[in-house]
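This report describes salt bridges, for a reader new to the structure. The sequence and structure come first.

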Amino acid sequence: MMEEVDVEPAVTNIPAASDGKHLGFAWGPGDILVYETLYKASVAQGSGCSFIHEVRKDEDIYSPNLRKLFNESHHIFVGLQTIREDLPSKNKKPQFVSISKNYRSVIRACMEELQQVAVSTKDAEVATQYGNQVSILLAIELIWNLCEVLFIDAAPAGSLLLHLLDWVRLHKADVDEKAAEVLQSESPAEHHDYWDVVVSYVLQGRLEEARQMLVKQATLHPAARKMYKLMDTLLSKMPFYNPGGTQTLTEFDVKWRHWHGEVNRCLQDNSFASNQHLEIICKIIVGDEDTLLEHKELLSTWYHFLVTRLLFSHPTVKPTELHYYAQSCMTMFLDARSVPEPLDNILLAAFEFDIHQVIKECSIALNNWWFVAHLTDLLDHCKLLQSHNLHFGSNLREFLLLEYASGLFTHHSLWQLAVDYFDNCPEFGRVYLGLQIEHIPLDTERKALKVLRICEQRQMSEQVRSICKIMAMRALRNNRLGSALSWSIRAKDAAFATLISERFLQDYCTRGTFSDLDLIDNLGPAMLLSDRLTFLGKYREFHKLYGEKRFSEAAKLLLSLMTAKIAPRSFWMTLLTDALPLLEQKEVIFSADQTHELMFCLEELTSSLNHSAPGTDKPTQDEDIEQTKVELLRLALARNLAMAIIKEGTIEA
Amino acid sequence: IMENINAKYVSQKISKTRWRLVSHSSLQQPDIFATGSWDNEVNKISFWSIGNHGGSDTDDGFEGDPQLLCEYKHDGDVLDLQFLDQDRIVTTSSTGAVTIFRHHQNSQTISVSHRWPRAHRYPCDNAPCTGVVCSSPEIVTVGEDGKIIVFRADQEGVIRVIENADSSTIHAVTYLRTTEILTVNSIGQLKLWDFRQQSDAPSQILSLSGDRVPLHCVDRHPNQQHIVATGGQDGMLCVWDVRQGSTPFSLMEAHSAEMWEVHFHPTNPDHLFTCSEDGSLLHWETSTHSDMPSFLQGGRNNSMISRSAMAPAGGNQSLISAWLSGDSSKGRLETTHMLPSQTLSVNSLDVLGQCLVCGTDGEAIFVNRQVPV
């Protein structure tokens, strides 16, 4: 049975495929490839479109400005993963809060830069695009900040409201701009925005600033001095909870109720009846809902309304009561006709402490995985997601991290970031990394080395082999035998090393000299990787000894190459031919025993050759040459044996 | 040290960073550097200013971000980048091209001054050009194709090619003397080439014994030209005396992954800097040798004195370099991490005067204006 969908999926139109063409598709890690396909196999003539379309899921990955966000947050993410599991949670909480703040400051930095670019650009389309990104980041930061207050910091009653006030103040900073404008004017108290600023300050609980503004008005109206003085006293006496202090919440509550009663009395006895502005402020601070709702313009959002309402009516609100006030404030604030937007639903879910709903709604509303992946990871570290199991994948945290990292991996440059995310997905991370890392295009050896380092550090031997093989094949194609051999040695790929060694030996047989001596002379222990490579190295060593006129050592090595079966049989004739000049030196180099062994090798070789190639009637020219060589060798061996016997006999005697 | 370091995220992976040269006579600090990017869909070279104009003597060494002056599209990854003179840089590309760019400082624009496309190449494929060194007007490049090519900035054609200089990839090149160069390759060899000789064979091959660990970078001691430092795939720092022996003079454990660059401080070569794939940047300092003249001794606080005393000497061979004093393991060598912990590769660094710049795969450029040298 199909799962019910939460929202209708977005439709992506594939250009040129609109008029009833049939499409095929293939899933990629972060995207889908779509291509036109022929419906009937029998229709031969292909008038089909030759394009393959790439449909991307996480489009924000491709924004150059957001790359800063991805890179900086990667660093924070890695730091978070190293916080030790076994620390008591009391010690960890401040760390988690500080990490959450770091994430937010990265979002803010990115947002500010985007804003600058958006303002300075001349291209209207680009400006709109950046403007949209700024508003998305604003929303992300707003949600993150609320989650930090409610879930990560988990402030108790009393502190909770203070945190919520900070949250609203941070995201409703236009008051300060307006205030600056008013204060810079010639006569601030007469500025048309003056009262808006005062009221906005009061709505945000910034009473100190409100009082300073009011002083300006009071000096203009000396007759009303007493009334202004009364308001100033009320504002200055409003108690705020001090979480660090000695006062208990109950004591604060008593004090607050006392103050509230005092404000109420002033309202009842019409103390401010002669000044409508002061009357409004008085009504606000007494928590009059109708007055608050008359200032929707200044509040601008239902959650500002919520926080202001709590400030002046329920300053000791408990976390568990929040959802009730949130729901009612939203209903009161929004028009009956208007539908709540995704952001409203997300914030409401947060106030209801429904973390999974927050993550789910965010996943649907945002076109990037960055936010949900990082937030979920942090909440998971705070042990807030334990009870939730998915019926697919491993768990929510890992699922989202894998999605985000897969998106990074499809990016031309950002793939390196993804590795650390995969590393921190215990269930499937390694599999994902293994599958995706093989698809990275390797344009240069330097890039190959970087990819290889990633694989080697994680003991991904299969991928190591595959990368080295790709590089070795490429080197071979370009006739760079030395490089090809180096790559196969690095992968410990014996078969390939054998293949390349054969190429070296072939080259030697045709040209009579070795290429790439700098490499072959320095094989070292790597020589042992394959028999053929060992032979190549040893055979070259023979030539070096011969060149240095160290004949007896050369002779010994040459013989051992055959007797120890290091040399392939096909190469024995070459080796025996190499022995010829040694046999023809004036002094005896091969001893009698060694000469016997050489003879034995020659006979073994000729008999096997006779066995393997029987039946042809006429000997070919090649066979003639071979035959002459064999006879020459036999002659030289016999002569050497004679000389050796004489010499050895003489010494003994 | 780390407080003085300043990160700027630039939305491109940085493969190379180089200071623009300042005139030798003045003690002026550098103010402009160039960067090259790699592994982006469109790669770029960029010029940046750290805004030290007029040599303001603020002490905090933290005067805000480097500012982008201008940038220009670069075909392929920038694999190496060097200043040819005050206005020109030479880059080498993964496409095998070698390009000279001119930085017009009045208009803050960049133009291509000369380009040798596919200087390094295979019959069918591109052969990445991995390294360049220049001494105006001469330019020497090396590549994955194992070739060494000599150009002149003022000439169209190629001056000299050593076709089979290496059977494996040459990773880096530097001058030993005006007519001699040094190359390092992917099988752990250090080769000396003398351009006065017509032969296409190296005049000397030095190598790490046994393990064939690829070498990725090389730098020569600015005053004592026989002393050479290299860095390899295993993160080891090797110091060689090319006059004697064919194996390194000393081996020091430095990084846990490829060492991408090593640089002696140009005027105070008791200091050396290395950076690595492991994400770290190290500052190495040898204590001055005890039988040195007393004015060369002393702690790091009077390094200004020793620097001005060392700099004009230009090769006082009688001094035994601290790098060859042999007991680096006995605490004569101090190393300091210069970057806050980070996981992605530091691909390149450059140091001049008291300024250091480096670039990372984490798309950040770090500038430190108060390197304690």
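## A pair between two chains

The side chains of Lys450(A) and Glu277(B) form a salt bridge, with N and O 2.9 Å apart. Lys450(A) belongs to helix 21 (residues 445–457) of chain A, while Glu277(B) sits in the loop between strand 23 (271–276) and strand 24 (281–286) of chain B, so the pair joins two chains. A salt bridge here is a side-chain nitrogen of Lys or Arg within 4 Å of a carboxyl oxygen of Asp or Glu. Helices (H or I, at least four residues) and strands (E, at least two) are DSSP runs, numbered from the N terminus.

Lys450(A) is buried at 1% relative accessible area, and Glu277(B) is buried at 11%. Buried means under 20% relative accessible area, exposed over 50%, and partly exposed in between (1.4 Å probe, protein chains only).

## Basis of the model

This is a predicted model: local features need pLDDT of at least 70, side-chain atom pairs count only at pLDDT 80 or more, and totals for chains, interfaces and linings use all residues. Residues are numbered from 1 along each chain as its sequence is written, chains are lettered from A and ligands numbered from 1 in the order in which they are written, and side-chain values use heavy atoms, leaving out hydrogens and water.

## Pairs within chain A

Arg211(A) forms a salt bridge with Glu208(A), the closest N and O atoms being 3.2 Å apart. Both lie in helix 7 (residues 207–220) of chain A, three residues apart, about one turn of the helix. Glu208(A) is partly exposed at 48% relative accessibility.

Arg550(A) and Glu548(A) also meet in a salt bridge, at 2.7 Å from N to O. Arg550(A) is partly exposed at 37%, as is Glu548(A) at 43%.
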